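This briefing is for a reader who is new to the structure shown below.

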Amino acid sequence: MNKTVLIGMTAIALSLGACAKRTPPPAATTEPPPVTQPDTNSTDPNSLEVVELPQLQADLVAKAGSDTVYFGTDEFSLDEATRATLAAQARWLIANPNVRASIEGHCDERGTREYNQALGERRANAARDFLVSQGVPASRLLTTSWGKERPVAQGSNEEAWAQNRRAVTVIIR
Amino acid sequence: MRLILTVLLTGLAGTAIAQETQEAPPELVGGSVKTNVAIAVPVMPGDMVGRQVSEVIATDLRSTGLFTPIGPSGLPGYSVEEASSPAYPSWRNAGVAALVSGYIESRPDGRLTLACYLHDVTAGRELARQGFAVNAGDWRRAAHKCADLVYSRLSGQQPYLDTRVVYVAETGPKNDRQKRVAIMDSDGSNHRYLTIGRNTVVTPRFSPRGDKLVYVAYIGRRPRVLLFDVATGSERLLIPGNHITFAPRFSPSGRDVVYSMANAGNTDIYIVSVNGGEPRRLTSAPGADTSPSFSPDGRQIVFESDRSGTQQLYIMGADGSQQRRVSFGGGRYASPTWSPTGNLIAFTKIAGPFRIGVMNASGGGERILTDGWQDEGPSWAPNGQFVMFHRTPQGAGAARLYAVPVDGGAARIMPTPVGGSDPSWSPLNN
Amino acid sequence: MKLDRAEWTGTGAALLFHVALIGALSMSLAHVNATPEPPAMEVEFVEDIGLTASAPQSIAVSPPPSQAPEIAEAEPVEPVPVARPTPVPSVRPAPPKPPPPVKPAPRASRIGDDFLKGISEAPSKSNAPPRPAAATFSAQAKQSIGNAILRQVQPCADRQPYIGEGANQVRLTINLKLARSGRLIRPPTVLRTAGDPDLRAKYGDLLEDQVRRIFAECTPLRLPAELYDTPEGGWNDFTFTYRVN
């Protein structure tokens with residue numbers, strides 16, 4: 001049920017955007033905050049929901065080549081290929097100023113649960129910093145860490161692990 | 001004559017001295033054989049629930065790893081009157097060393113009384129007796145209390161069988177796992193889900209009195225610490241705002257929660273009151289500081305940090321002072337948890353595979369308890385004698401919960417209906 | 001030598017009676033006793049019974065938490081029964097007689113080859129009515145008796161299960177009071193418990209449990225009657241220490 005609502009709202013948002021009217025974000029959406037400042041004193045979990053935008057996501061992938069960059073074992077440094085991909089993502093984000101992005105760090109299974117939550121944030125942070133260095137306003141970028149909770153590959157081998165050590169740029173409203 | 005007297009007296013004195021030098025009594029040394037105690041658990045008379053009560057007791061005793069329970073099937077019954085005066089010779093002939101007997105009585109107020117007796121069959125005497133009054137629907141609690149009475153009296157340890165486990169129940173394929181917070185009795189009964197599975201959840205932990213949980217749920221694509229009331233099911237965000245927070249644990253008083261917050265590539269440990277208010281920062285070193293766990297006296301916190309370059313264990317005061325490294329073996333150390341008895345710290349040791357280990361809280365004495373491929377996330381039984389953890393197999397299979405005795409012995413699988421991880425052992429139910 | 005008719009009859013009757021006896025005993029063995037064995041002790045002991053054996057007091061298990069008072073354990077009135085009601089002839093100590101008879105020749109020892117070695121036959125020191133030449137409870141006799149007792153119970157001691165870490169740091173000093181039959185008159189008494197206070201609190205009771213089991217299983221003891229009770233002492237009163245491996 002929620003997915004339908006999201007798609008519906010996405011459709012409406014896109015169509016509104018296509019009309020070249022810059023409507024302000026709906027009042028219910030909070031301004032994307034810098035991470036260090038709490039934006040609200042609310043303790044209601046429902047106040048934190050974030051809306052993905054699948055069609056724009058597909059556009060990002062098409063235009064930038066990939067929404068995902070990869071890391072070495074226990075590493076959060078960016079290699080050349082990663083920088084190239086992120087640079088392309090930055091160009092897309094600059095060209096699409098009405099959306100934000102959630103930069104999401106992931107780990108392979110060969111770390112303990114909580115350490116991987118920290119490591120994922122390091123990866124997301126590294127990718128986000130690079131995007132900022134490429135001109136994307138920091139206020140449009142959120143970071144998060146999924147730790148090892150969302151692997152894309154199921155195996156317990158080097159190939160699977162390499163696919164899981166990643167940062168994903170998720171387009172959100 | 002005088003000569004004879006002198007000789008006799010000298011002889012007396014000599015004998016007396018000889019007697020005194022024989023002071024130390026002879027010593028008998030017992031065997032310390034690692035065998036299980038054969039204990040009979042026949043069906044308890046007095047109410048139809050007696051058979052199930054005996055089955056719960058037998059299962060509990062088997063799970064301790066110290067007993068070979070016999071029955072209730074195949075054992076002769078007895079009357080309520082015979083519960084307190086069993087025929088010891090018959091039981092000796094049956095080859096058991098101990099016997100659990102008792103009876104169940106319905107009370108006029110609709111509750112049940114379970115009378116529980118423990119007998120030393122070999123010595124032919126009663127060792128312990130106690131009665132437990134419960135609502136009829138809570139007969140399992142009375143059975144666990146009786147099993148705890150038996151376990152405690154025969155092992156010298158504090159009880160731990162009348163407890164619950166909260167954990168993350170896992171279903172679905174590895175790359176699309178559904179995770180839900182679940183709670184059950186330690187023997188697998190009364191299992192129910194506390195979250196519906198829409199949000200990914202990890203690391204639920206009991207409060208010191210077992211009435212609340214803290215856990216992490218991914219809401220709005222970020223891990224958040226939630227405070228959950230077990231009885232009512234109500235919950236709220238513990239730390240207001242939009243932060244990446246995880247690894248929560250209660251303080252021994254239950255008044256505060258210590259946790260990690262990640263920001264700008266750095267993860268540090270904070271503490272916040274359960275009633276709200278400003279969190280206080282406890283660590284600030286560059287690096288990932290996480291998995292904090294209080295000592296039972298509330299004065300110290302053990303945590304993991306990679307500030308030295310690899311994950312190691314550190315201890316600090318509850319105010320963040322005097323942070324010092326305490327792990328020095330080869331390999332990496334993670335997810336420490338302080339035992340409720342205060343003398344040991346359990347952890348995940350990473351040296352190729354992940355294994356559960358313990359070390360003295362004062363340092364040293366490291367012992368590895370398990371031998372899986374990926375064993376992690378230890379949680380102590382309230383009597384400090386067992387450690388629960390989850391074991392992930394290589395490949396696509398689901399993790400399962402296990403419990404291992406702290407003084408060495410096989411890890412036993414916990415009876416969860418589906419796969420599971422991140423167990424937390426409750427305090428003893430009151 | 002050929003048996004004549006009378007002898008055949010006698011032998012046959014004896015055989016028949018033996019078969020009948022064994023048969024009757026086998027059947028009584030198959031019947032399980034519902035009550036404990038009658039005591040073989042000379043003296044019954046009665047422990048102080050606090051509460052009668054009635055229903056235990058109940059405690060509320062559901063919250064709010066409340067602690068039940070501990071019920072005082074009612075010690076059994078009858079002494080510790082010993083298993084194996086065996087009619088098979090076994091080695092037993094000489095039946096009790098008030099003054100030990102004169103032992104003209106060295107007895108074949110059932111305890112050890114040189115059990116009686118070193119036991120002096122010196123005359124008694126006291127001026128009491130002159131005793132026949134009985135064994136005195138010299139230091140060596142005391143040591144030999146002690147070793148004999150412990151040797152006899154060692155198989156039961158060996159079987160005791162592992163208790164826990166640090167249990168081997170606790171040592172109990174135990175006193176036994178034995179009847180001439182070789183059985184205990186009363187349960188073993190713990191005179192002292194030595195060791196770290198925490199370990200004593202944790203394991204003291206469990207070690208006492210073990211001692212009680214050991215002496216329930218491995219009695220009656222087989223010891224020379226003439227050393228049961230002498231002016232210098234005897235095995236009627238025996239003190240030893242117990243610990244685990």
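**Helix packing in chain B**

Helix α2 (residues 50–63) and helix α4 (residues 139–155) of chain B have axes that come within 9 Å and cross at roughly 45 degrees. The model is predicted, and the points below describe that model.

- The crossing of α2(B) and α4(B) is right-handed.
- On the side of α2(B), the contact is made by B:Val53, B:Val56, B:Ile57, B:Asp60 and B:Leu61.
- On the side of α4(B), the contact is made by B:Trp139, B:Arg140, B:Ala143, B:His144, B:Cys146, B:Ala147, B:Val150 and B:Tyr151.
- Sorted by kind, the residues of this contact between α2(B) and α4(B) are 10 nonpolar, 1 polar and 2 charged.

**Domains of chain B**

- Domain 1 of chain B gives 6 residues to the contact between the domains, and domain 2 of chain B gives 6 residues.
- Helix α2 (residues 50–63) of chain B, with 4 residues, gives the most to the side of domain 1 that touches domain 2.
- That side of domain 1 of chain B is made up of 1 nonpolar, 3 polar and 2 charged residues.

**Contact between chains A and B**

- Chain B puts 42 residues into its contact with chain A, and chain A puts in 35 residues.
- Several strands of chain B each supply at least two residues of the side that touches chain A, among them β10, β12 (222–229), β13 (235–237) and β14 (244–250).
- Further strands of chain B that each supply at least two residues to that side include β15 (256–263), β18 (289–294), β22 (332–338) and β26 (374–380).
- Strand β12(B) provides the largest share of the side of chain B that touches chain A, namely 4 residues.
- By kind, the side of chain B that touches chain A holds 15 nonpolar, 19 polar and 8 charged residues.

- Chain C contains 3 helices and 4 strands.
- Along the sequence, the elements of chain C follow the pattern α-β-α-β-β-α-β.
- Chain C has 245 residues, of which 24% count as buried.
- Taking contacts in chain C between residues at least 6 apart in sequence, 71% join residues at least 24 apart.
- The axes of helix α2 (residues 139–158) of chain C and α3(C) come within 9 Å and cross at roughly 125 degrees.
- Helices α2(C) and α3(C) are therefore oblique to each other.
- In passing α3(C), helix α2(C) makes a right-handed crossing.
- C:Val153, C:Cys156 and C:Ala157 of α2(C) make the contact with C:Ile214, C:Phe215 and C:Glu217 of α3(C).
- The residues of the contact of α2(C) with α3(C) are 5 nonpolar, no polar and 1 charged.

**Backbone details**

- Most residues other than glycine have a negative phi, and most peptide bonds are trans.
- B:Gly71 and B:Pro72 are joined by a cis peptide bond, with omega about 5 degrees.
- B:Pro72 sits in the loop between β3 (67–70) and α3 (88–93) of chain B.
- In chain C, a cis peptide bond runs from C:Thr219 to C:Pro220, and its omega is near 5 degrees.
- C:Pro220 belongs to the loop between α3 (197–217) and β4 (237–244) of chain C.
- B:Asn190 is not a glycine, yet has a positive phi of about 55 degrees.
- The loop between β8 (178–185) and β9 (192–193) of chain B holds B:Asn190.
- B:Asn190 counts as exposed because it has 12 C-beta neighbours inside 10 Å.
- B:Thr203, a residue other than glycine, has a positive phi near 45 degrees.
- B:Thr203 is part of strand β10 (residues 201–206) of chain B.
- B:Thr203 counts as buried because it has 28 C-beta neighbours inside 10 Å.

Note on methods: Residues numbered from 1 in each chain as written. Chains lettered and ligands numbered in written order. Predicted model: local features only at pLDDT ≥ 70, side-chain atom pairs only at ≥ 80, totals over all residues. Buried ≥ 20, exposed ≤ 12 C-beta atoms within 10 Å, placed from the backbone. Contact = placed C-beta atoms within 7 Å. Nonpolar A, V, L, I, M, F, W, Y, C, P; charged D, E, K, R; others polar. Axes fitted to C-alpha atoms, helices over the stretch in contact; angles between N-to-C directions. Left-handed = near helix turned anticlockwise from the far one by under 90°. Parallel < 35°, antiparallel > 145°, perpendicular 65-115°, else oblique.
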